[in-house]
Amino acid sequence: MSTSDWQIGLTPAESDDALEREWSALQATTDAPVFLRWLWMGSWLEHAGPHTLIARMRREGRLLGLACLGVRGKELFLNQSGVQALDQIWIEYNSVLTVDAEKTSILIALVQHVLSLPRFGQIHLSMLEDQVADGLLQA
């Protein structure tokens, strides 16, 4: 499948019951590390500030990926705020919340999508797993 098969939506982040249900349902289908689970991400969203987006990645109408994107000017930060003082609590094994089989392709699709938008010019992908980072470099 190509990256054009993905439908990606960006909406302002709100840590609410609906997002928690959506995140928890997807997380139940993965073996995501603690840093991508709702316990961590929900708490993080409460402190991330108003300049945060939720990325929802769908294929054939099915939600297969979720991520938080901090926005600072034209820069995006995967699961980080972009504010150094807030980002001192490091996320490890950073990625999009998704099933293992989709980790690399969904992240490639997200990067291509956000960089195609005139509003953004850069995305920061800190602390990625080695295999995901290698897959991005080969794309």
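## Salt bridges and cavities: worked exercises

E22 forms a salt bridge with R58, and the closest N and O atoms of this pair are 3.8 Å apart; the term salt bridge means a side-chain nitrogen of Lys or Arg within 4 Å of a carboxyl oxygen of Asp or Glu. This is a predicted model, in which local features need pLDDT of at least 70 and side-chain atom pairs count only at pLDDT 80 or more, while totals for chains, interfaces and linings use all residues. Residues are numbered from 1 along each chain as its sequence is written, and side-chain values use heavy atoms, with hydrogens and water left out.

**Exercise 1.** Decide whether R56, at 18% relative accessibility, is buried or exposed.

*Solution.* Apply the cut-offs: buried means under 20% relative accessible area, exposed over 50%, and partly exposed in between (1.4 Å probe, protein chains only). At 18%, R56 counts as buried, whereas E22, at 21%, is partly exposed, and R58, at 28%, is also partly exposed.

**Exercise 2.** Describe the salt bridge between R59 and E102.

*Solution.* Take the distance, which is 2.5 Å between the closest N and O atoms. Next place the partners: R59 lies in strand 2 and E102 in the loop between strand 4 (75-78) and helix 3 (103-116), so the pair ties together parts that are 43 residues apart in sequence. Finally, check accessibility: R59 is buried at 13%, and E102 is buried with a relative accessible area of 13%.

**Exercise 3.** State which residues line the largest cavity.

*Solution.* On a 1 Å grid over the protein atoms alone, a cavity is a set of points where a 1.4 Å probe fits but cannot get out, and lining residues have an atom within 4 Å of a point. The lining consists of W40, W44, N79, Q80, L86, D87, I89 and I91.

Key:
On a 1 Å grid over the protein atoms alone, a cavity is a set of points where a 1.4 Å probe fits but cannot get out, and a pocket is an open set with protein on both sides within 12 Å along at least five of seven lines; lining residues have an atom within 4 Å of a point. Helices (H or I, at least four residues) and strands (E, at least two) are DSSP runs, numbered from the N terminus.
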